[in-house]
Each structure stands twice: as C-alpha cells, then as structure tokens.
Amino acid sequence: MASPVAGEQNPVSSEVIIERDKKKLTDLPAELLEYILCFPVLNHVDILSVSCTCKRLHDVCYGRGKVWGHQFKLRWPRLQKNYRQNESYDWLKEYRTRYIVGLQIRRTVVSISKRFFTEVPCVGQVLGDSFAEIESLGAPEHFCEDELLSILNSDKRKSLTLKYYAKKILYFLRQQNILRSLKVFLEQPAEQQSALEGAVLVDQYCNPLADINLENISAQLEELTDKVRKCLRVANPSHPSQRAAAGDCLVVGDFELQRQVICALNTVLYEQLNYTGNECDFYNPLNSYIHQVLLRRTGIPISLSVLYMTLARKLGVLLEPVNFPNHFLLRWCQKQKRSGDIYDYVYIDTFGKGKQLTAKECEYLIGHQVTADYYSAISTSKVLLRMVGNLLNIGKRGEGNEKSYQLLRDSLDLYLTINPDNVQYLLLQARLYFHLGIWPEKVLDILQHIQALDPSQHGAVGYLVQHTLEHIQHKKHPVLPEAKLRSATEHRDVQYSVGLIMKHKRSGYNCVIYGWDPRCTMSQEWITTMRVHQLSNGANQPFYNVLVQDGTCRYAAQENLEPHSAPLEIAHPEVGRYFSEFSDTHYVANEELQARYPEDMAETLGTVGELYHRLTPVLGNEGLLPTVRHNAGATAP
C-alpha cells in the first residue's frame, strides 16, 4: 500500500479545511451587517430585496430598527428635528407612514388643478375644499409639510403647476397652525402676554412661507440688548443691568438709572445702528413685520415701539404702549408709582428717534387736541389690533392685485381672531370672499354670525346669502369654457400662441401669453380708458392675456407685442396655474390650458423652432451652429 509522500496533502482533509474556512455573509455579526446595509448607495428597494433573501438578513433589517432608521433619515433629512436622539422609534412604521402620506399629498395636489383651473386668475383664490381634504387625511402635519416642501424644492423649471398648488396648501396649513398658536396666546392672562411674541405671530401669519420664529427674533434682540449694556457700561460701570444675567427679571427703580438706560438705548438704535422711521414708504407692509424691522432697520411707530419697549424691559425699564391717534407712542412714568395724571409721564416717539415729549407736545404730532383717554396705556391685545388694523388699511389701499387681496384676507383673519365679534369687519370679510367668488360655505357661516350679533344688518346679510347660495348652485353645475381652435375661420388673424415669451413694444415689459381672443372682449368703458381707439387696428384685432414680469396680468393688443429676442423666465406668481414647465425658449402649457387651446402647443413649438432653433451654416470647423433669427416682420398685425 503506497504511503503519502512527505509534503503531499490529503485531498479529503483539505476539502474539510476549505469547507470549514468558508464564511458566509450571514455569519457576520448583526452590528456589522447593519453597518453594511446602512451604506448610502442602498435605498429602500434594496433593503426590501435583501430582507427577502433569508431569515437572518430579514431579522437584521427589521430587528433593532437601525437600518430603516437610516433609510428614513437618508430620504427625509428635514424631519430629523422632530425626533429626539435618545428615544426609540418604530422606524419602519415611520417610513411607511411618511411614504403613504407623500403619495396622498401628491394625488391631492395633482387633482387640484383640474378642479380649480380658470382662464382668468381669481385673485386671492382660496382652495378651501382641498385644504379640508388634506386635513381629513389625519396624517401627521410635519409629514404633510415635508412632502409639500419636497415638491417646492424640486427642479426649478419643472412641475410648475404642482408647485403652484403645493405652495397654496403649505401657505394655508402653516396659517392654521399659527392661528391656533395665536388663540392660545390670547387665552393667557393679559399680564403674561408679550407684545413681541404677539408681533411675531402676526408676522408669521402674514409670511407663513418665511423662516420666522420667536427664538430667532429673541436672539437678535438679545444681541441688541448686549450692545446697549456695553454703551451703559461706559456711562455707568456699576449700573444694575451690568450685573443682571440673561433671563433675569430686572427692575430698575431709580429714575436716574432709568434715564441712563433710555439714553443708551437711543444711542445704540438711532446713532450707532441708524434705525429710522420709514417716512418715504410709510404704507409698505414690511414696516409692520418685526423680522423686517430688524433686517431693514426701519419701521412705523407701532413696530418700532414694540422693539423699543421690549429692549427697555430687558434692561429693567417699564414703558407702556399708548394708542395715540395716527401716531403710536410709549409712555414713561416719572413717579415712583403709576399715576393717573397724563402729565406725570414722558411720552417717547420711537418713530422720531426716541424723542421725549410732554402731553401737550404730543398733540403737535397730529395737529389737534385729544382727550386724556388717548394717553392711557393699552393691553397687548389692543396693540395687536392696532398693528393688524394698519395692515388691513394697507390692504384696502391696494391696487386690487394678488398681494393686496392676500394682505386684506390675512389681516381680516387676524383681526377677527383677536376680536371675533366685530360686525364691521365680519361684513367686510364676507363681502371680500363674495367678491372674489371663493369659499361660499364660509361666507354663509360668517353671515349667520353677523345676523346673530346684529339683526339690523339683515338687508346686507340677506342680499349676500341669496347670491352666495346661487354661487354654490353654480359650482355644482359649472359651465366649461369652449375650446379655442386656431384653425377656426374667426381666429385666422391670431398670430401668437400660449406659452410664447413676448415683449411689449411700447411699455417694454416682458411677459408670457396664457390666453387670447380674436377681438378685444373688454367693456366699452375699458376700451375708452385704455385708449384702444388710438391703436392702428383699434379693438378689431387679437388681444392676449399675458402674465407680466412685474406680477401683474394684462390684456395686450397684438400690434403691441413681439416675440422676445432672448426668452427668459417670467417671475409671476400665477405662472404655475397655466404652465407645467419652462423649456428655455417657451412655457409648456399644462393639461388644463391645453384643453382650452388644443392647437396652440404645436403652433408654439413651430414658432420657437422658427425663431430660436433654426440651424444656419457657419464657416469654420464647427460645422452648423444654432443662431437666433430676429424676425422683425413677425409682429405686424
């Protein structure tokens, strides 16, 4: 029997060793497998596939939740602020919920365009039914908001219609949350209500898409307070404010020490930082928003007063708000105890760089005498009513565009949240909604409330109820507009099509066409006012509905328009209502606009191909290069 030669291995034993040394992926420790499955290149589909291969990998994927927690954080990083680090969560459940909410939100947003599209922009439109639909999902609010933000932050030039309605819904959802916070704020005892917090809530409600929060505003005021402390240190190193820690409730009783605070405050705000009253643009709503006052260092008397008295309070000086007519003031008591005598106070004009006035001098600000009542201190809720009332008046003074109607609606909502039984403003709100043709069910609720508060309003209420009910019936049986075919004989003079980017020959503005008529369809009064008869073709020529770069919507004659030589995006808030995409040379009409103008898309593509994409031979090594052909004759009527 042959014996094995030295150094020669037994094949059987070698196979056993190889088999014994073989390691499978599933033999690795769970922590290492979790680490591998958390590689950024793997998405949720990969994790689902891996979990289906065997029980071991299934247990690793679903056991401790680390893998799905990583997938959640990777896909929705904005949501991390809603979770505490040291707490455990069912991450698979969170992932599924967030994923399903995302699908539901997108389906709802997509459906809105079909239900609410109109050719003429309904300024200040409220999509009440759809908001109720979002709320009826019962989904976590932070999931809904995150999906809406995902839509808004997607490719800038695409999904414009989806973004348009997502923005409206996000606007509404945030406003509802802010209104709830305002109601909680108003339920607090009057002495606990901070004018600054109330002003921030007003600011947030009117700018719900901006990043405004009380913590950030308070941090900015703390920086200002530190600057005033440094200024005080120069005048009086032993001032009590120098020993007070942040958050301490400091009260400075000595009048001379109070005077030092006021002087330092004026020096820092008006001399070092150049805060001013905005006399040149007094009726700009930005003057009423506290975050804008801090950013632009200008405002109106009431917003500057809120800032001034908050800083003074941090430094131990109590100043009281005074609802003086036409010019909001602060008062500073010159006695140790509060006095009922108006002459025991110095009045501070924050709009006038902190100027100190006597009671008599205050009357010079407005040019007439007033009773002692107007010198009284008012509550925080009254301060907010005055602030919101200013915004409401600015909205009334507006030009009837989207921004002014939005401001009017927002300020009415705020005013009636603070003072819900004001019949005058309830009636104004009902008339506004009726005028805009929006939310008829809410109009009926408002009218019912007015009737209960003041039966003498039955005439105005009855008229609005009748016409609102007619509007509701009309909504149930809407009349769809007929499609406009370019091939129709009566439309043969129409040269341009929806989606084309144009320039107005006379006014020079840039715009995009979203509709047209073969002849001017406006009233005779409008035709006369706009001097249409002075045009070479008068009203007997095609007119175009255009969205203008400055945010307005206009009705322009064909002879006044020409294709833009260098097409550009039109930054108009209503672009998404009509167009789904900006395609470098033109806008692509969404489904609803294409249904209205079914032959225009092909015409638009043909026009941009003719104007911007024609290839012409160019000498040199580059061959054919695209050039823009400026067709001056294309604009002739």
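Start by selecting Lys314 and Glu222: their side chains meet in a salt bridge, 3.2 Å from N to O. (A salt bridge here is a side-chain nitrogen of Lys or Arg within 4 Å of a carboxyl oxygen of Asp or Glu.) The pair links distant parts of the chain, with Lys314 in helix α14 (residues 301-314) and Glu222 in helix α11 (residues 214-235), 92 residues apart. Helices (H or I, at least four residues) and strands (E, at least two) are DSSP runs, numbered from the N terminus.

A word on what's on your screen: this is a predicted model, where local features need pLDDT of at least 70, side-chain atom pairs count only at pLDDT 80 or more, and totals for chains, interfaces and linings use all residues. Residues are numbered from 1 along each chain as its sequence is written, and side-chain values use heavy atoms, with hydrogens and water left out.

Is Arg229 buried or exposed? At 11% relative accessibility, Arg229 counts as buried; Glu222 is partly exposed at 25%. (Buried means under 20% relative accessible area, exposed over 50%, partly exposed in between, with a 1.4 Å probe and protein chains only.)

Next, pick Glu581 and Lys158, another salt bridge, with the closest N and O atoms 3.3 Å apart. Glu581 sits in strand β12 (residues 579-582) and Lys158 in the loop between α8 (141-152) and α9 (160-187), 423 residues apart. For a network of salt bridges, select Arg78, Arg98, Arg106, Asp146 and Glu147. The whole structure holds 24 salt bridges.

Now go inside. The largest nonpolar core has 81 residues, and Leu307 is one of those with the most contacts inside it. (Such a core is a set of buried Ala, Val, Leu, Ile, Met, Phe, Trp, Tyr and Cys residues joined through side-chain atoms within 4.5 Å.) Leaving aside neighbours within four places in sequence, Leu307 is in contact (heavy atoms within 4.5 Å) with Leu221, Leu224, Tyr275, Val293 and Leu294. A second, separate core of 35 residues includes Ile47, Ile105, Ala139 and Phe172.

Last stop: Cys54. Cys54 is partly exposed, with a relative accessible area of 27%, while Cys511 is buried at 0%.
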